[in-house]
Amino acid sequence: MIQEFNRTYLWGRDVKYRMGLYTTMAVFYKAVVNALLGEFSVDSLTMLEMLAVSFLFALAETVIVPSGKNRGEVSMRRRAILLIVLANIVYIGSALLFGWFRGIPVWWAAIMIAVLELGLAALWYALWLEYQRDTKLLNQNLQHFQQEL
Amino acid sequence: MKITVEHGDVPENEVILRCRELDGEMLHVLSLLRSGLQTLCAWTEDRQMVLLQPGEVLYAESVEERTWLYCEKAVWRTALTLAELEARYEALGFCRISRSMVVNLHGIRRLKSYPGNRIEATMRNDERVLVSRRYAPFFRERLGM
């Protein structure tokens, strides 16, 4: 019972961290666009919408890529693609649905989508770099161990 | 620790350890010598028996309560359990990597890190084995990380 509660609590904390990160990114995006349009505030309702959307996306992310779970390389690649597709659908769809960036020219929208894609690519590139670094460290320690005896 | 190797016309190879007391380092050397001198009794399905040096074993796997020893070119069966193999040859680099596998750290060619704290080990015979998430911390510890 207590283990189940602890597991749910940790999962909830994980969702909150991810939600916080994505909400910050969305609000930052909106603030930059508003500033470029000459408006130096972000509507509270818009921020709440972004929070709710980010919560749903973070929830989906913890289901698609649960932290600390063993997955094969192929499975992880599929899950990463699914997550990127979902990010596009959720954030572009919500922006259209709630009119977050109403009134901007089409070429702005194109640039914003490109930035979103770059951001997602950078996220996975950072993960790839982390595994590369860990792999290098593992092999260095292995060599050291093998030479020691 | 001072290491001296003397070459001479001796009837038998001999190792003498000189120390004030048996400290951790000396115990490690002793266990290494003892485990290194032990041979592993193994056999094939058709009961062909062989005495293996522990260093010849790349990894051991338990399948349906039988323990198999994987060498570079052959697979042998042993009566020892994975726990016994690990305990007996730990000083020689035997390390548990999952519930059903013990690997010889000296038989690994390279390692690769994967998501979920999983590690893939490519052995000297190019076979790949996985260090499970549960055993990865102990594996890293063995490598001095």
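Author: What follows takes the salt bridges in turn, then the parts of the chains around them.

This is a predicted model. Over all chains, the structure holds eight salt bridges. Three of them are described here, one in chain A and two in chain B. Side chains of opposite charge can pair when their charged atoms come close.

Start with chain A. Asp14(A) and Arg18(A) form a salt bridge, and their closest N and O atoms are 3.1 Å apart. Both residues sit in helix H1 of chain A, which covers residues 2–36. They are four residues apart, so about one helical turn separates them. How accessible are the two partners? Asp14(A) has 18% relative accessibility and therefore counts as buried. Arg18(A) has 14%, so Arg18(A) counts as buried too.

Now chain B. Here Glu72(B) forms a salt bridge with Arg124(B), with 3.2 Å between the closest N and O atoms. This pair links distant parts of the chain, 52 residues apart. Glu72(B) lies in the loop between strand E4 (66–71) and strand E5 (75–78). Arg124(B) lies in the loop between strand E9 (118–123) and strand E10 (128–131). Glu72(B) counts as partly exposed, because its relative accessibility is 43%. Arg124(B) is at 27%, so Arg124(B) is partly exposed as well.

The loop between E9 and E10 of chain B also holds Asp126(B). The side chain of Asp126(B) meets that of Arg109(B) in a salt bridge, 2.6 Å from N to O.

H1(A) packs against helix H2 of chain A, residues 44–64. The axes are 8 Å apart and the angle is about 135°. Angles over 145 degrees would count as roughly antiparallel, and 65 to 115 as roughly perpendicular. H1(A) is therefore oblique to H2(A). The crossing of H1(A) past H2(A) is right-handed. On the H1(A) side, the contact includes Trp11(A), Asp14(A), Val15(A), Arg18(A) and Tyr22(A). On the H2(A) side, Met47(A), Leu51(A), Phe55(A), Ala58(A) and Glu61(A) are among the residues. By class, the contact has 13 nonpolar, four polar and four charged residues.

Chain B has three helices and 10 strands. Along the sequence they follow the pattern α-β-β-β-β-β-α-β-β-β-β-β-α. Of the 145 residues in chain B, 43% are buried. Take contacts in chain B between residues at least 6 apart in sequence: 40% of them join residues at least 24 apart. The C-alpha atoms of chain B fill a box of roughly 50 × 40 × 25 Å along the principal axes.

Conventions
Residues numbered from 1 in each chain as written. Chains lettered and ligands numbered in written order. Predicted model: local features only at pLDDT ≥ 70, side-chain atom pairs only at ≥ 80, totals over all residues. Heavy atoms only, no water. Salt bridge = Lys/Arg side-chain N within 4 Å of Asp/Glu carboxyl O. Helix = DSSP H or I, 4+ residues; strand = E, 2+ residues; numbered from the N terminus. Buried < 20%, exposed > 50% of the residue type's maximum accessible area, 1.4 Å probe, protein only. Axes fitted to C-alpha atoms, helices over the stretch in contact; angles between N-to-C directions. Parallel < 35°, antiparallel > 145°, perpendicular 65-115°, else oblique. Left-handed = near helix turned anticlockwise from the far one by under 90°. Contact = heavy atoms within 4.5 Å. Nonpolar A, V, L, I, M, F, W, Y, C, P; charged D, E, K, R; others polar.
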